[in-house]
Amino acid sequence: SVDFDVQRVRADFPLLSRTVHGKPLVYFDNANTSQKPRQVIEAVDDHYRKHNANVARAVHLLGEEATAAYENARDRLAAFINAGSRNEVVLTSGTTQSMNLVAYSYALPRLKPGDAIVTTVMEHHANIVPWQLVAARTGAIVKAAPIDQNGELIVEKFFELLTPDVKLACVAHVSNVLGTVNPVREIARECRKRGIPLVVDGSQALPHRPVDVQAIGCDFYAFTGHKVLAPTGTGGLWAKREHLQAMPPFFGGGEMIREVRFDGTTFAEPPHKFEAGTPNIAGFAGIGAAIDYYQSIGFEAIRAWEYELLTYATERLREIPGVRIYGEAKEKEPVISFLVEGAQAMDMATLLDLEGVAVRSGHHCAHPLMQFYGVPATLRASLAFYNTREEVDAFIAALLKVRKLLM
Ligand code: PMP
């Protein structure tokens, strides 16, 4: 068994010690959003108590401090994903905004009737719907590469779809429903060979593994802060400099201009060209603390512990008659989708909540994946490094109890 001082970690997360419905909380909805350590909460609190002002507007000291906090988040994120330059990191409200920025600013001007965008059946709607919206405006189409019953992308089929009409390829680094880790380096290599830019949805990878966008070799990498211990409404888009230079702005307004004139406005350089308006400054003030937290523990320890929890939870789940697990990829992160024969996912989740267990039930913003498996919904237990084996036991005990009630 892995040596990991999980109780020490848990002491940093105030919310984990609360009860729900009179039961100790078992929070297994981490793929939805992570809980926050006090270091992050304190950084946000400190910002509002001592440094609150708007960014890039005022010469006064508070304005400088707020700007420094915001720009520091960019530096920290750039280092966290090994971007070649801080100027390749656009700060956004999260993956959804990042994807829409690529869709409207990069894809839309390049698409014409008959062109295609390739994505996969396992994607989150954030990596499907923006492409459909720009395809509908231009007469382009969206094609989806298939997966197999284990929830692995059929990579050869993905490559077969990469024909000369394809203007963009999109894939999740890690599936939010299945936990599947996709071979993004190999996919990026094949895309490069064909001159097709690749967008990677990193939402579910960042919480679990060190990410190196340069080593992956993709063109765009989108991510969300709230799944990596940071506040909601924070995230980013990493893009190769040449793409950001070529992209027109998507949102217009303050902060993103050089000079505004009625005979022609000029824009700031990237990344600020894409950051109109007042951002979530306090949220970004929490990014540094979140990254510090990850680094203080280290991904090696995090991965070993999460893998142990995943293996243990999977084994225990398999002992329960009638449980079917969706997503049995060879390489997966600690996300377990499952159903119990004879019970509706929503009923199970509602009763589990009464036992203190927070799991998600539903389609997980992945309708096409549900259609592939022929189910309307699954239950999803998604783990984080601050979870424990005892919580897995409590989850299994609650599941057995609830299953009996529903049978
Ligand atoms: N992609 C994936 C794989 C996700 O898991 C999520 C969040 N559930 C998103 C995109 C969207 O992220 P956000 O809601 O933070 O924009």
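1. Let's start with a pair of strands. Strand E5 (residues 116-120) and E6 run parallel to each other and are joined over 5 bridges. Within this pair, Thr-119 has Ala-144 of E6 as its bridge partner. Strands here, labelled E, are DSSP runs of at least two residues, and helices, labelled H, are DSSP runs (H or I) of at least four, both numbered from the N terminus. Two strands count as paired if DSSP finds at least two bridges between them. In general, strands of a sheet pair through backbone hydrogen bonds, either parallel or antiparallel.

2. Before going on, please keep in mind that this is a predicted model, in which local features need pLDDT of at least 70 and side-chain atom pairs count only at pLDDT 80 or more, while totals for chains, interfaces and linings use all residues. Residue numbers start from 1 along each chain as its sequence is written.

3. The sheet that holds E5 and E6 is an open one of 7 strands, in the order E4-E10-E9-E8-E7-E5-E6, with mixed pairing. Strand E4 (89-92) and strand E6 (141-145) are the edges, each pairing on one side only. From one strand to the next, the twist averages 20°. Angles run from 0 to 180 degrees between N-to-C directions, with axes fitted as lines to C-alpha atoms, for helices over the stretch in contact.

4. Helices pack on this sheet too. Helix H3 (residues 61-80) touches E4 and strand E10 (235-239), and its direction makes about 120° with that of E4. Contact between two residues means that their C-beta atoms, placed from the backbone, lie within 7 Å. Helix H7 (residues 184-193) lies across strand E7 (166-172) and strand E8 (198-201), and runs at about 165° to E8.

5. There is a second sheet to look at. It is open, has 4 strands in the order E13-E14-E17-E16, and its pairing is antiparallel. Its edge strands are strand E13 (323-326) and strand E16 (360-362). Neighbouring strands are turned by 30° against each other on average, direction ignored. E14 and E17 are linked over 4 bridges, and Phe-338 has Leu-379 of E17 as its bridge partner.

6. Now the domains. The protein chain is divided into domain 1 (6-32 + 298-406) and domain 2 (41-294), with bounds from an automatic or database domain assignment. Their centres, taken over C-alpha atoms, are 28 Å apart. At the interface, 24 residues of domain 1 are in contact with 24 residues of domain 2. On the domain 1 side, helix H12 (299-318), strand E14 (335-340), helix H14 (367-373) and strand E17 (378-382) each supply at least two residues. That side has 13 nonpolar, 4 polar and 7 charged residues. Here Ala, Val, Leu, Ile, Met, Phe, Trp, Tyr, Cys and Pro count as nonpolar, Asp, Glu, Lys and Arg as charged, and the others, Gly among them, as polar.

7. Next, the ligand. It is surrounded by 14 residues, and the closest are Gly-94, Thr-96, His-124, Asn-176 and Thr-224. By class, the shell has 3 nonpolar, 10 polar and 1 charged residues.

8. Two backbone details deserve a look. The peptide bond from Pro-270 to Pro-271 is cis, with omega near 5°, and Pro-271 lies in the loop between strand E12 (266-267) and helix H10 (281-285). Leu-229, a residue other than glycine, has a positive phi near 75° and sits in the loop between strand E9 (220-224) and E10.

Methods:
Near = placed C-beta within 6 Å.
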